[in-house]
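Please read the following report alongside the sequence and the three-dimensional view, which are shown here.

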Amino acid sequence: MSSQQRPVPGLGALRQTGMLFALAASVLRMTVKRPFQVREVIEQFWFIASVTILPTMLVSIPFGAVITLQVGSLTKQLGAESFTGAASVLAVVQQASPLIVALLIAGAGGSAICADIGARTIREEMDAMEVMGVSPIQRLIVPRVIAASAVAVLLNGLVSVVGVLGGYFFFVYLQHGTPGSFLASFSSLAQLPDLYISEIKALIFGFIAAVVAAHRGMNPRPGPKGVGEAVNQSVVIAFLLLFFVNLVLTAIYLKIVPPKGS
Amino acid sequence: MGIEVVVEGLTKSFGKHLVWRDVSLSLPAGEVSVMLGPSGTGKTVFLKALVGLVRPDQGRVLVDGIDTASCSERQLYQARKLFGVMFQDGALFGSLSLYDNVAFPLREHTRLTEAEIRRVVLEKMDMVGLAGEGHKYPGEISGGMRKRAGLARALVLDPQIILCDEPDSGLDPVRTAYLSQLLIDLNAEIDATILIVTHDIQIARTVPDNIGMLFRGNLVMFGPREVLLTSDHPVITQFVNGRKIGPIGMSEEKDEVTLALEQASQVPGAGNGERTPTQPALVPQLVPSPGMPERLAVGRRMARVISMLHTLPEPARAAIVASLPAADRAQARAAEFTGPAGYAAQTATTQPRQPSSGAAPDDSGRPRRPDLPEAQRPGEAETLADRLMGRTRGSARRRRGPPPRGDAS
């Protein structure tokens with residue numbers, strides 16, 4: 001309705017962005033406010049984990065393999081075969097793993113959150129809750145955001161392990177590399193901050209995916225079709241945001257953490 | 001007793017679309033009011049504005065000293081505890097059973113034990129006729145049951161103000177009648193202020209003490225039921241009689257040309273889908289079921305109405321006087337001419353005070369009841385009013401009910 005008249009182009013997008021940030025801020029504020037919805041958090045955690053674990057594993061094995069194969073063939077040409085392990089590990093842990101997690105949290109968990117919240121909104125459940133003096137953000141959104149962030153962090157560990165194992169398997173059995181060189185280069189180039197940034201990224205991505213899903217779910221166009229559109233938008237917006245935030249975080253990380261050995 | 005809700009100059013628009021402009025009224029404490037209007041006139045938005053779900057562009061909504069249109073979030077949550085809202089489709093939580101739905105506000109806002117919660121919930125569910133259905137889920141039951149469950153949930157915290165959004169939509173006439181009776185019984189029992197938003201004329205005729213009507217973004221009229229149901233305002237008569245002919249069209253409003261064309265081609269009598277013209281709009285109001293306490297609102301309202309009787313149009317006056325017990329009629333008749341302020345009876349006969357279209361001059365109505373003593377001592381009305389309301393409120397407060405307006409539009 002606000003799109004009927006736009007004095008400044010892009011104002012609508014700016015308003016939506018503002019609303020998104022406002023929602024994120026109130027989610028953070030209400031997270032520390034009592035009463036804490038333990039039960040809802042656990043239920044949501046279990047739900048998001050159950051819809052994401054298997055697809056994540058299935059995606060991460062070929063992903064680790066592809067990186068290893070690609071990097072392996074490149075390093076072979078350059079004669080730096082012994083660094084394949086390090087390259088694939090850094091790529092998987094730092095970049096691939098948080099992104100895989102984010103895509104699956106946004107795609108599987110976020111769409112479910114958005115559809116759930118959207119259906120509640122058009123059925124006036126959110127209004128009813130607010131009228132009964134219960135904040136829907138505190139009651140429904142905060143547990144989902146916490147659950148999504150927590151699942152993302154834990155899932156990130158899983159993807160890192162599975163991805164690295166996949167890479168190792170392909171390197172050793174298909175490219176006939178030596179296990180020793182994989183592991184040696186691994187420990188010579190990789191360092192603990194790589195793992196930290198990976199987990200921080202996963203946490204932030206999980207938060208963003210859940211907040212975007214909740215925001216779209218709370219503001220759907222009227223009618224069941226509106227909910228469908230909202231889910232669609234939530235996934236697309238979340239993806240765009242995630243890749244952009246990933247770029248920013250990676251740039252910052254490379255600036256402030258010196259690479260090992262330099 | 002319920003709480004008065006005072007609305008002042010409320011205006012709301014979505015983008016360029018104006019929903020309503022400058023709506024002012026006051027829902028008298030403990031009385032049942034109905035807000036009528038064709039579909040799409042912002043009735044639901046009005047109801048949501050009262051509880052602060054929709055923030056109006058201008059105006060105030062005063063509930064127990066809190067302006068829900070502009071107060072802080074914290075105050076709003078406080079004010080909302082006074083409200084019980086029944087949403088259009090019940091707005092039950094789909095993931096909870098009916099029992100848990102009704103228990104939800106209790107679990108959130110009170111420290112009652114499960115046993116006490118159980119007692120309250122079962123009592124309310126019994127009240128709306130859902131005893132023994134608590135284990136079902138909202139997806140498994142009919143629309144009418146969902147509405148009733150929504151009402152039960154709105155009632156558990158013993159609200160001072162009950163708002164009902166289209167209690168009739170999707171219900172058959174019999175169930176609508178039961179629901180109407182339920183609302184009246186409820187009012188008798190807990191004496192809460194009730195506002196029903198609807199386009200069902202049957203509810204409007206039988207349930208409320210006061211009726212308002214929204215049309216084309218304006219409040220056409222708000223006042224005692226007799227005023228609206230006897231009004232000759234074209235929008236109101238069209239709506240009350242369910243006619244095609246009048247200012248209300250299929251899409252929001254008709255233009256002048258269509259209206260003129262319609263007037264010209266109007267065939268009196270059959271074929272227009274009207275109610276039979278013999279059926280009067282004003283029918284007796286519902287009374288509480290046997291066994292229920294008397295509605296205190298009736299006495300309060302009558303006192304209030306009598307105190308403003310001299311400002312009402314003539315047909316409404318006649319209807320009000322006719323509805324009084326015989327013993328009170330004489331005094332009411334006097335009030336009609338003197339007003340509670342007690343000015344001379346004779347002035348009223350020549351000078352109607354209301355800004356009416358002049359269709360009902362006082363003289364025409366006056367000789368209608370020659371059996372009644374016409375001129376009473378000034379001040380009689382005051383005593384009647386006091387008696388009816390048990391001398392609880394000052395006359396200044398009583399007069400706050402907005403005078404009916406808009407005979408000329």
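## Terms and numbering

Two residues are in contact if their C-beta atoms, placed from the backbone, lie within 7 Å. Helices (H or I, at least four residues) and strands (E, at least two) are DSSP runs, numbered from the N terminus, and two strands pair if DSSP finds at least two bridges between them. Axes are lines fitted to C-alpha atoms, for helices over the stretch in contact, and angles run from 0 to 180 degrees between N-to-C directions.

This is a predicted model, in which local features need pLDDT of at least 70 and side-chain atom pairs count only at pLDDT 80 or more, while totals for chains, interfaces and linings use all residues. Residues are numbered from 1 along each chain as its sequence is written, and chains are lettered from A and ligands numbered from 1 in the order in which they are written.

## The four-stranded sheet

In chain B, an open sheet with antiparallel pairing has the strand order β2-β1-β4-β5. Helix α1 of chain B (residues 43-50) lies across β1, β2 and β4 of that chain, running at about 125° to β1(B).

Strands β9(B) and β10(B) form a hairpin with two residues between them, and B:R216 in the turn has a positive phi of about 50°. Six bridges join these antiparallel strands, with B:I211 opposite B:G223.
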